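Subject: Structure handover

Hello,

Here is the structure for your files. Please open it alongside this message. My notes follow below it.

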Amino acid sequence: MTDSTAVEPGAPDTWWRTAAIYQVFVRSFADGDGDGNGDLPGLRSRLPYLRDLGVDALWITPFYPSPMVDSGFDVSEYCDVNPMFGRLADLDAVTEEAHRLGLRVIVDLVPNHTSDQHPWFVGALGAEPGSADRDRYHFRPGSGVDGELPPNDWESVFGGPAWTRTAGQDGTPGEWYLHLFAPQQPDLNWENPQVRADFDAIIRFWLDRGVDGLRIADAHGMAKDTSYADLDRKAQSGLLGSEPVPYFDQDDVHGILRGWRTVLDSYPTPRIAIGEAVTPTEERLARYVRPDELHQTMNFRYLSTPWSAAELRAAVGDTLAANDAVGGVSSWMLSSPDTQRVVTRLGDGEAGLLRARSAALLTLALPGSVYIYQGEELGLPEVLDLPEELLRDPVWERSGHTERGRDGARIPLPWHGDRAPFGFNTVGEDNGWLPTPESWRSLSVEQQEARSDSTLALYRAALRLRREHKALVDGDLSWDQAEEGVLVLRRSPNFLCIVNTTDEAVPIDPPRTLLLASGPLPVTPGDGTVHLPGNTAGWWLTD
Ligand code: GLC
């Protein structure tokens, strides 16, 4: 156990309001025991890298015992560590070492569903319909003449129906259970008081061990419209984030979140909760960060905004307006383990990288907190050509092999050396997990540390400046009028960021002190005009 007050005596209680939080996809970060899978000892050994990068905290994806059907988001025991990732003592060691280095630790909480191997679900399957054990989940009789059809038309986010029928030991078909994700991930019934009490205890278990907070997976889940009415819509996963659905973002979820806030606030040192919530509007999302709920949410609207000055400005403006209205903190992210890597999303190849580097400077200039997904600071692209037999994401099977899923964003990090997997582990090429491409040699940490123009160097410099300059910590944001495709952003009193989202260079008249640029800024000989090349961004001090 560790004492989280060890982080930085006297640090403000509101560190999270301006934090840079690094998202660790633990299986692909660093392998400490050489079995080919990233793990907690591997993570611990690389914590100095995160300190040197200049982030304030790390969020670790689930490392709990799990059949790993959905990369550990199918938890079969909430208060322990998957042997693949280490032991409980390894998590304590990560927390302790992180605190010693001035980093906070956030762990993932997966409350919407368990694994089908969790003893609660195994018990529920063996129990009678209507029993207390079954009431922990959503068991329903089927529709149709003999209950042979699902109870309603809700669909799984991963594709196919959100219901699977149970069978008795003799094979007799029985009730159906709800799973908004894979069939191996049954949804918990949050109207059941025992479920609530159990999660309060799980949260206390981790907070008592000294972690600084929780990242709530599917914070928009849990509460369902238990009239279980049909949605009468097909392709429901396409509605998420734009239209209301009866199983996400229900008003009752806020009571659950308020209960957790009470638990968090009962600790003498600040403990925070970050919600992964997807809602139809910014206003609905801001409800999650009301003063007695979560501390912040992950901003998927910003993450999915195309490389367009007008759309980026609108996404920033709408986010700030909605959060300011409830006194909540805004957050920004360009990538996550669930979405295509930003370099590829913004166009791939050279243009994609240039845009991603510029997007980083825009993002790190915004007020609030930022999330950086491992490898983003290396400019890693999505791996689009993984052989089909290696795909692990349940989306691949559930979509009937029409969507490849998220594996291409979850490739092991390249650390050093000349051959894949570049120091990720010592096993060699066939490590039993996703392979790191040979083409990533020049993208390794070692290679990028040696170059002052690398993406890693850019992130390190930007994160340092973001901490050092008061305007970037808490200065007000304003926009200047600018030509089409260009963003001119100020943070008071003396910070200026210009982003050129077009492919053509634009002449600019910048202040004298350049802090940082995402690429070279050529000057025209003779008249001294500075050009901001296409897909380039810069930071300046205005006096
Ligand atoms: C969260 C995770 C995602 C996972 C899903 C369902 O959204 O971020 O990776 O697939 O929960 O478990």
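Two strands count as paired if DSSP finds at least two bridges between them. With that in mind, Q23 has W59 as its bridge partner in strand 2. One caution before the rest: this is a predicted model.

Strand 1 covers residues 20-24, and strand 2 covers residues 57-60. The two pair in the parallel sense, over four bridges.

**The antiparallel strands**

Strands 4, 5 and 6 pair in the antiparallel sense. Strand 4 (residues 139-140) joins strand 6 (residues 173-178) over two bridges. There, F139 stands opposite Y177 of strand 6.

Strand 5 (residues 163-167) is joined to strand 6 by four bridges. In this pair, A167 stands opposite P173 of strand 6. Strand 5 and strand 6 form a hairpin with five residues between the strands. Within that hairpin, G171 takes a positive phi near 90°.

**The ligand site**

Where does the ligand sit? The space it takes is the largest pocket. There are 13 residues around the ligand. Of these, D70, D218, E276, D338 and R406 come nearest.

What is the make-up of the shell around the ligand? Seven of its residues are charged, four are nonpolar and two are polar.

- H113: a polar side-chain atom lies 2.9 Å from an oxygen atom of the ligand.
- Q185: an N or O atom of the side chain is 3.2 Å from a ligand oxygen atom.
- R410: an N or O atom of the side chain is 3.4 Å from a ligand oxygen atom.

How much of the ligand does the protein bury? Taken alone, the ligand exposes 300 Å². The protein buries 96% of that.

**Where to look**

For the ligand, begin with D70, D218, E276, D338 and R406. Then turn to H113, Q185 and R410. For the strands, begin with Q23 and its partner W59, then go to G171 in the hairpin.

Best wishes

Technical notes:
Residues numbered from 1 in each chain as written. Predicted model: local features only at pLDDT ≥ 70, side-chain atom pairs only at ≥ 80, totals over all residues. Heavy atoms only, no water. Near = heavy atom within 4 Å. Polar contact = N/O pair within 3.5 Å; in protein donor to acceptor, adjacent residues only side chain to side chain. Areas by Shrake-Rupley, 256 points an atom, 1.4 Å probe, with all protein chains shown as cover. 1 Å grid on protein atoms, 1.4 Å probe; cavity = no way out; pocket = protein on both sides within 12 Å on 5 of 7 lines; lining within 4 Å. Sits in = over half its atoms within 2 Å of the grid points. Nonpolar A, V, L, I, M, F, W, Y, C, P; charged D, E, K, R; others polar.
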